[in-house]
Amino acid sequence: MPSRSSINFFQQYDRLLSNEELDQVLRAREFCERAFSRSVLGAHLAGEAIPAEWIGKWAATGMLGLQAQRAHGGLEASYVCKIRVAQEMARHGFAAAFCLNHHQGGVTRLSQTGTPAQIEHLLAPAVRGELLLTTAMSELSGGSDVSALTASATPVAGGWSLSGTKAWLTNGMVVGGLIVLARVPDAAGAGEIASFYVSLGEADTFHRKEIMLPGARSFRLAEITFSEHFIPEWALIAAPGAALKTSMASVNAARVHVAAMCVATLHSALSEAVAYCGGRHAFGKPLVAHQGLRWELAEVSVRLEAANALVFSAAEQIQMGGNPMGLAAQAKKFAVDTAIWGIDQCIRILGATGASAAHRLNMHYAEVRMAAYADGTNEMLLDRIGRGLPSSYPT
Ligand SMILES: Cc1cc2nc3c(=O)[nH]c(=O)nc-3n(C[C@H](O)[C@H](O)[C@H](O)COP(=O)(O)OP(=O)(O)OC[C@H]3O[C@@H](n4cnc5c(N)ncnc54)[C@H](O)[C@@H]3O)c2cc1C
């Protein structure tokens, strides 16, 4: 078992954890550092997604049901514990951690707010990793303006009939269940947006198509098109008109979660760069002994620590029951920008090898770049921050 304090960067988060939660984080660290780490990089270099077998192994380490109720096989872990597990994985593969997080979100929601029928049908296989879940809000015509979505769930006997295409679905190539937002038409016109658990199973009323992301296929992004796909009555989550509010309730926590993964991935990249520059020599001394290059690494560390402080501040507020809208947007914006910039610096600082298969840096770069879109683009985040300025910074 690794030492409890082997990475000081994460100590402030770990101080908020119970012993049981800390053990879970250390289990995740040990798991991620081994064959999983090699497998993630191997898949990236082969231009493939991470092998699906890992999902069952995530389940065996308790990662999938982290925040589910104990009665449902979970740990009832805190928000910061979930973040720390994701950070341990994001050090080895950001996309893998992102996929883990999406599924965990579905499991937590089911366990905490699912009806008895939803829990009976979906929860046990989801905790075991046999049924992967993800949220399906975005469509091909746009993701930022969710209120404009067009997928429809038309009332039919015993439930609804779903038609339309959902796009940019994390884990979309392997999910068995989706939390779908769709418009329920009514007599007056286009109707209101509702949300549902949509099981895919063996039905022939949907088809998936991979959204190719060269260098970042481990997100397993897909679009899924439904054609009169049946949704039973028990699968309703939020009634027409209530779904947007329900879905957006957790958006701040999701943003900080992504931001926390970004700082972990940049920490991993900087550690790799520092180690390499300590071992390689030029002009008779190690690269780090050259002041110009050492300052460049130092600059990355300055911004990384600043991003981490911002992320921790937001995470701590959420852990204590807060829902810091502006701070969460600031943390995600700054952490994503810093990680993209910092990983690129690390690649360049190493010389030509930085961009080669000898290092994990190109993979980190390709995957972290995608964080700039998911859970709010920079423009949407700045808009959110801007609208809160008068209350955040009163005279
Ligand atoms: C890796 C990854 C995983 C994802 N996973 C999921 C998932 O599991 N489920 C899901 O539903 N979606 C998912 N998404 C989709 C993601 O939520 C959308 O990409 C995001 O909401 C932005 O939507 P869009 O890409 O359609 O861009 P658009 O909404 O078309 O926006 C295009 C550009 O216009 C800008 N823009 C839009 N509106 C404004 C405005 N008012 N002011 C200024 N600028 C504006 C945007 O910032 C962006 O730069 C994922 C995306 C990625 C990259």
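Predicted model: local features only at pLDDT ≥ 70, side-chain atom pairs only at ≥ 80, totals over all residues.
Student: Which residues come nearest to the ligand?

Tutor: The shell holds 20 residues, each with a heavy atom within 4 Å of the ligand. Those that come nearest are Ser-144, Trp-168, Thr-170, Thr-377 and Glu-379.

Student: How far is the polar side-chain atom of Glu-379 from an oxygen atom of the ligand?

Tutor: Polar contacts here pair N or O atoms within 3.5 Å. The side chain of His-102 has an N or O atom 3.4 Å from a ligand oxygen, and Thr-170 places a polar side-chain atom 2.7 Å from a ligand nitrogen. For the polar side-chain atom of Glu-379 and a ligand oxygen, the distance is 2.6 Å.

Student: How many residues of the shell around the ligand are charged?

Tutor: Asp, Glu, Lys and Arg count as charged, Ala, Val, Leu, Ile, Met, Phe, Trp, Tyr, Cys and Pro as nonpolar, and the others as polar. The shell has 10 nonpolar and nine polar residues. The number of charged residues is one.

Student: What is the volume of the largest cavity?

Tutor: The whole structure has two cavities of 30 Å³ or more, each a set of points on a 1 Å grid where a 1.4 Å probe fits but cannot get out. Volume is the space filled by probe spheres on those points. For the largest cavity the value is about 50 Å³.

Student: Which domains each give at least three residues to the lining of the largest cavity?

Tutor: Lining residues have an atom within 4 Å of a grid point, and here they include Ile-50, Trp-58, Cys-99, Asn-171 and Arg-220. By class, seven are nonpolar, two polar and one charged. The domains that each supply at least three are domain 1 (8-131) and domain 2 (135-246).

Student: How many charged residues line the second largest cavity?

Tutor: The second largest cavity holds about 40 Å³ of space. Its lining consists of His-44, Gly-47, Glu-48, Gly-215, Ala-216, Arg-217, Ser-218 and Glu-367. One of these is nonpolar and four are polar; the charged residues number three.

Definitions and conventions
Residues numbered from 1 in each chain as written. Heavy atoms only, no water. Polar contact = N/O pair within 3.5 Å; in protein donor to acceptor, adjacent residues only side chain to side chain. 1 Å grid on protein atoms, 1.4 Å probe; cavity = no way out; pocket = protein on both sides within 12 Å on 5 of 7 lines; lining within 4 Å. Domains from an automatic or database assignment.
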